[in-house]
Amino acid sequence: MNRRVLLISLVAAAAGFSADPLPSAESVLDRYVQVTGGRQAYEKRKSEISHGTLEYTSLGIKGSITRYAAEPDKYYAALDIEGLGKVEMGINGPVAWENSALLGPRVKTGVERAEAIREGNMNSTSNWRKLYPKVQNAGVETLDGEECYKVIMTPAEGQPVVGYYQKKTGLQVKITTVSTTQMGDIPVELIASDYKDFGGILEPAKVIQKAGPQEFTITLQSVEANPAIPAERFALPDEVKKLVDQAPAK
Amino acid sequence: MTRLILLFAVAWSALGQPRSQLDLDSFEKVWTTVRDKHWQARPGGLDWQAIHDEYRPRVEKAASHAEAQAILQEMLGRLKQSHFAIIPAPVYSVIDDSEGGPGSTGIDARVLEGHAIVTGVDPGSPAEKQGVRPGWQIERTHGIDLDPLIKQVGSNPAIHELQLNRAVLARLSGPVGGTMEAAFLDGSDKTIELKLNLTAPRGVLSSFGNLPTQHVWFENKRIGSTAYVRFNLFLDLPRVMAGFQQTVESCKPCDGLIIDLRGNPGGIGGMAMGMAGFLVDKPNQRLGTMYLRDSTLNFVVNPRAEVFTGPVAVLVDSNSASTSEIFAGGLKDLGRARIFGTKTAAAALPSAFERLPNGDGFQYALANYISQGGQPLEGLGVTPDVVVELTRSALLAGHDPVVDSALDWIRRQNKP
């Protein structure tokens with residue numbers, strides 16, 4: 001059923017798309033929302049639990065990833081990586097945090113915090129207007145033989161994000177940006193492919209992420225739409241809460 | 001057997017192609033590696049293509065292999081950076097420590113004053129059972145006299161003490177289940193000949209990605225009221241980090257903490273930051289910065305919930321490398337630890353060794369690392385605050401002068 005709805009959506013989107021040789025960035029982004037399920041599908045999605053794997057191919061390291069998200073501002077992800085143990089990260093309202101056996105707990109601040117909150121936004125695809133006050137279509141580039149619109153999205157805080165959207169399908173196939181991390185500004189490239197229907201929304205089942213010297217592949221296996229997630233799932237771990245309590249009041 | 005195959009392969013290769021072609025292929029391999037893997041897009045600030053155009057004709061005209069080798073070394077010298085070197089084939093064969101095997105007699109050794117000296121014997125190991133003691137001099141293993149080998153390798157300026165020690169340690173190993181015939185000089189310089197069993201090394205087998213499976217051990221103990229911790233690798237993160245955390249958390253009443261990184265060649269770089277978090281209570285501190293071609297990584301320390309704030313001594317030697325140097329150098333620069341022992345390996349980065357088509361070895365560094373004090377560790381290493389050399393006489397007398405020196409300092413810090 002979902003697949004049929006999506007196919008119809010794709011045709012409708014293709015038919016409704018402007019013949020302008022360089023459409024506005026807004027129309028490219030709206031088309032992406034449309035071809036991945038439509039605004040209504042995103043609006044219906046209030047919470048989700050997703051499972052996947054990640055693999056650092058060149059290092060031979062594998063792991064699993066489980067993500068929980070709930071509107072409007074709750075996010076928790078747990079990565080279990082062979083040989084490194086567990087890495088947790090979360091967002092609860094204005095607090096963005098991370099905790100791992102390797103590096104210990106910390107609370108993100110500044111641009112890093114703003115980026116984390118933006119990326120943790122459950123429906124970031126459909127919420128692009130809220131997340132990126134300025135968008136610009138910078139032209140057409142060919143990626144793997146396919147023409148793509150290159151859209152520069154500038155957030156209120158942080159580095160611009162450049163998205164590449166196939167002319168033919170409207171799907172986002174690549175993102176580049178410079179990510180602000182505790183260790184420094186790191187160039188990031190994401191290659192998205194293998195779009196699949198996960199509960200009425202098309203998502204890339206495979207994302208290859210190059211971040212500085214590291215490259216890994218995330219494979220999305222399942223997404224449970226609108227599950228009931230207890231509030232405790234998003235509660236700050238004790239060691240993180242301690243850091244938040246210690247932080248000087250702003 | 002492995003060595004025979006290696007030599008045969010080189011000989012066959014040399015017969016199959018003219019010597020000059022092998023040198024040219026080696027030149028291209030070296031030049032391309034630097035172009036593609038150096039942390040600077042313009043390696044050493046040089047126009048690397050122009051370097052190619054300048055040096056290739058010279059290699060083409062080289063009258064001998066030695067001349068070609070010297071030209072390659074000169075080209076790398078233009079980088080004015082450490083850890084870029086050509087190592088002549090005979091020396092490379094000696095330092096190629098892959099020739100040993102996983103089997104161990106339980107002996108740890110270092111080259112002290114030109115001789116291979118036993119610096120430690122694992123408890124319960126075949127060497128301990130047969131009475132081998134720290135301070136004994138190892139004269140011969142597997143039928144090879146070690147003094148001439150040490151002299152040959154040690155005389156090459158491109159070879160660091162780390163490689164020399166590793167070459168010696170490789171000759172103390174072999175296949176598990178095999179034996180090692182060895183001759184020692186005991187405490188009274190009497191020759192002792194032993195046949196020692198080679199068994200699985202100390203520790204728990206640990207794997208991390210594509211790295212070879214390795215035995216990792218972790219020990220902690222109290223020396224009086226001072227906590228002492230030692231581990232052989234920054235690997236097996238869940239167990240080693242938990243052991244370190246447990247040591248720190250149980251150390252509230254300790255008068256100090258000794259972290260012994262002698263012989264520790266490194267491992268997962270992030271563990272240096274993670275462990276420092278148990279010792280540094282101020283936020284936003286860094287151990288140093290790593291410079292790669294497309295990014296700069298700050299080695300930031302996140303203070304843990306429980307932080308040890310007493311005196312910390314870190315023990316190092318020439319076999320302390322990579323993550324050990326990042327950890328020791330960073331804590332030294334932050335003023336959080338006092339460093340005891342001898343200068344570290346000066347190999348903070350995963351500088352790689354590869355065999356070239358002409359049989360020579362090629363060493364190159366992949367990144368640059370600057371410790372928090374502004375000093376590059378690659379090529380320079382960490383110089384201890386208190387230089388303490390191991391000596392054969394101290395080892396024979398049952399002393400570890402490096403530990404003794406650290407204990408003495410900790411006791412002085414706690415005097416009212």
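This is a predicted model: local features need pLDDT of at least 70, side-chain atom pairs count only at pLDDT 80 or more; totals for chains, interfaces and linings use all residues.
**Paired strands in chain A**

- Strand β2 (residues 61–70) of chain A and strand β3 (residues 74–81) of chain A run antiparallel and are joined by eight bridges, while a hairpin of three residues leads from β2(A) to β3(A).
- Strand β3(A) is also joined by eight bridges to strand β4 (residues 85–92) of chain A, again in the antiparallel sense, and in this pairing Lys74(A) has Asn92(A) in β4(A) as its bridge partner.
- Between β3(A) and β4(A) there is a hairpin with three residues, and Gly83(A) in that turn has a positive phi of about 85 degrees.
- As background for these pairings and for the sheets described below, strands of a sheet pair through backbone hydrogen bonds, and they may do so in a parallel or an antiparallel way.

**Overall form of chain B**

- The radius of gyration of chain B is 23 Å, close to the 22 Å that the globule rule gives for 416 residues, and chain B is therefore as compact as a globular protein of that length.
- Taken along the principal axes, the box filled by the C-alpha atoms of chain B is roughly 70 × 55 × 35 Å.

**The six-stranded sheet of chain B**

- Six strands of chain B form an open sheet with mixed pairing, in the order β12-β13-β14-β17-β18-β22.
- The edges of this sheet are β12 (218–223) and β22 (386–387) of chain B, each of which has a single partner strand, so one side of each is left without a neighbour in the sheet.
- Within the sheet, strand β13 (residues 226–231) of chain B pairs with strand β14 (residues 256–260) of chain B in the parallel sense over five bridges, and Ala227(B) stands opposite Leu257(B) in β14(B).
- Helix α11 (residues 323–333) of chain B packs on this sheet, where it touches β17 (312–316) and β18 (338–341) of chain B, and its direction makes about 140 degrees with that of β17(B).
- Helix α13 (residues 401–413) of chain B lies across β12, β13, β14, β17, β18 and β22 of chain B, and it runs at about 165 degrees to β17(B).

**The three-stranded sheet of chain B**

- An open sheet with antiparallel pairing is formed by three strands of chain B in the order β16-β15-β21.
- Its edge strands are β16 and β21 (368–371) of chain B, each of which pairs on one side only, and the twist from one strand to the next averages 20 degrees.
- Helix α11(B) packs on this sheet too, touching β15, β16 and β21 of chain B, with its direction at about 130 degrees to that of β15(B).
- Strand β15 (residues 285–291) of chain B pairs with β16(B) in the antiparallel sense over six bridges, and the two strands form a hairpin with four residues between them.
- In β16(B), Phe299(B) is the bridge partner of Gly288(B), and Val301(B) stands opposite Gln285(B).

**Two helix pairs in chain B**

- Helix α7 (residues 146–154) of chain B and helix α8 (residues 161–170) of chain B pack at an angle of about 155 degrees with their axes 10 Å apart, and they are therefore roughly antiparallel to each other.
- The crossing of α7(B) and α8(B) is right-handed, and the residues that meet include Leu149(B) and Ile150(B) in α7(B) and Leu164(B) and Ala167(B) in α8(B); by class, this contact has seven nonpolar, one polar and no charged residues.
- The axes of helix α3 (residues 48–61) of chain B and helix α4 (residues 65–77) of chain B come within 10 Å and cross at roughly 165 degrees, which makes α3(B) roughly antiparallel to α4(B).
- This crossing of α3(B) and α4(B) is also right-handed, and it brings together residues including Tyr55(B) and Arg58(B) in α3(B) and Ile71(B) and Met75(B) in α4(B); by class, the contact has six nonpolar, no polar and one charged residues.

**Where chain B touches chain A**

- In the contact between the chains, 22 residues of chain B meet 22 residues of chain A.
- On the side of chain B that touches chain A, α9 (237–249), α10 (270–276) and β16 (296–301) of chain B each supply at least two residues, and by class this side has ten nonpolar, ten polar and two charged residues.

Notes:
Residues are numbered from 1 along each chain as its sequence is written. Chains are lettered from A and ligands numbered from 1 in the order in which they are written. Axes are lines fitted to C-alpha atoms, for helices over the stretch in contact, and angles run from 0 to 180 degrees between N-to-C directions. Angles under 35 degrees count as roughly parallel, over 145 as roughly antiparallel, 65 to 115 as roughly perpendicular and the rest as oblique. A crossing is left-handed if the near helix is turned anticlockwise from the far one by less than a right angle, and right-handed if clockwise. Two residues are in contact if their C-beta atoms, placed from the backbone, lie within 7 Å. Ala, Val, Leu, Ile, Met, Phe, Trp, Tyr, Cys and Pro count as nonpolar, Asp, Glu, Lys and Arg as charged, and the others, Gly among them, as polar. Two strands pair if DSSP finds at least two bridges between them. The radius of gyration is taken over C-alpha atoms; the globule rule is 2.2 Å times the number of residues to the power 0.38.
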